[in-house]
Amino acid sequence: MENKLLILSLILICVSCGSVDTYTSPDYDSGKYTAVSFEQLLKDPNQFDKKKIELVGIFHYGMEEAGLTNKKNPKNRIWIEFDYAKKMIDKNSKSLFKDEKLLRYSGKEVKLKGVFNKENTGHLGIYFAAIEDLHYFGK
């Protein structure tokens, strides 16, 4: 019985460590974003340029890197233009930009909501586009 409780406790700890919390800006409006895929953005970036989009991908964050990639083709990367002065908080009023949260979420699947900009190719110009004016970061 003790072993079962220990195993269950370890599973719960692992699951909670791997989850991504949801952060929103104070002026976030959930109804104004169009869900798109990487394939749609690559096929016709003009259709979504300067529009509010919702995109799911694998988050990458580190030295000179803040991007989202596609599971199918990790070479297709979108720059995330973070505004560190903007308030992005979770349900407990904890900031996305404190306590190395961005580093902890690196490698995890996230959903972003912001404005797509086909002209912004990110740091060193190595991204195919960017998401700017971010209002949602989460699961």
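Let's start with Asp90, which is buried (under 20% relative accessible area, with exposed meaning over 50% and partly exposed in between, for a 1.4 Å probe and protein chains only) and yet has no salt bridge. By salt bridge I mean a side-chain nitrogen of Lys or Arg within 4 Å of a carboxyl oxygen of Asp or Glu. The nearest side chain of opposite charge is Lys101, 5.9 Å away; Lys and Arg count as positive, Asp and Glu as negative, and His and the chain ends are not counted.

A word on the model: it is predicted, with local features needing pLDDT of at least 70 and side-chain atom pairs pLDDT 80 or more, while totals for chains, interfaces and linings use all residues. Residues are numbered from 1 along each chain as its sequence is written, and side-chain values use heavy atoms, leaving out hydrogens and water.

So what does the side chain of Asp90 reach? That would be the backbone nitrogen of Asn92, at 2.8 Å. Setting aside neighbours within four places in sequence, Asp90 is in contact (heavy atoms within 4.5 Å) with Thr22 and Tyr23.

Now for the salt bridges: the whole structure has eight. One of them joins Glu54 and Lys113, at 3.5 Å from N to O. Glu54 lies in strand S3 (residues 52-62) and Lys113 in strand S6 (residues 109-117), so this pair ties together parts 59 residues apart in sequence. Strands here are DSSP runs of E, at least two residues, numbered from the N terminus. Both Glu54 and Lys113 are buried, and together with Lys111 they are linked in a network of salt bridges.

Finally, Glu119 pairs with Lys118 in a salt bridge at 3.9 Å. Glu119 counts as exposed because its relative accessibility is 56%.

Conventions: Polar contact = N/O pair within 3.5 Å; in protein donor to acceptor, adjacent residues only side chain to side chain. Helix = DSSP H or I, 4+ residues; strand = E, 2+ residues; numbered from the N terminus.
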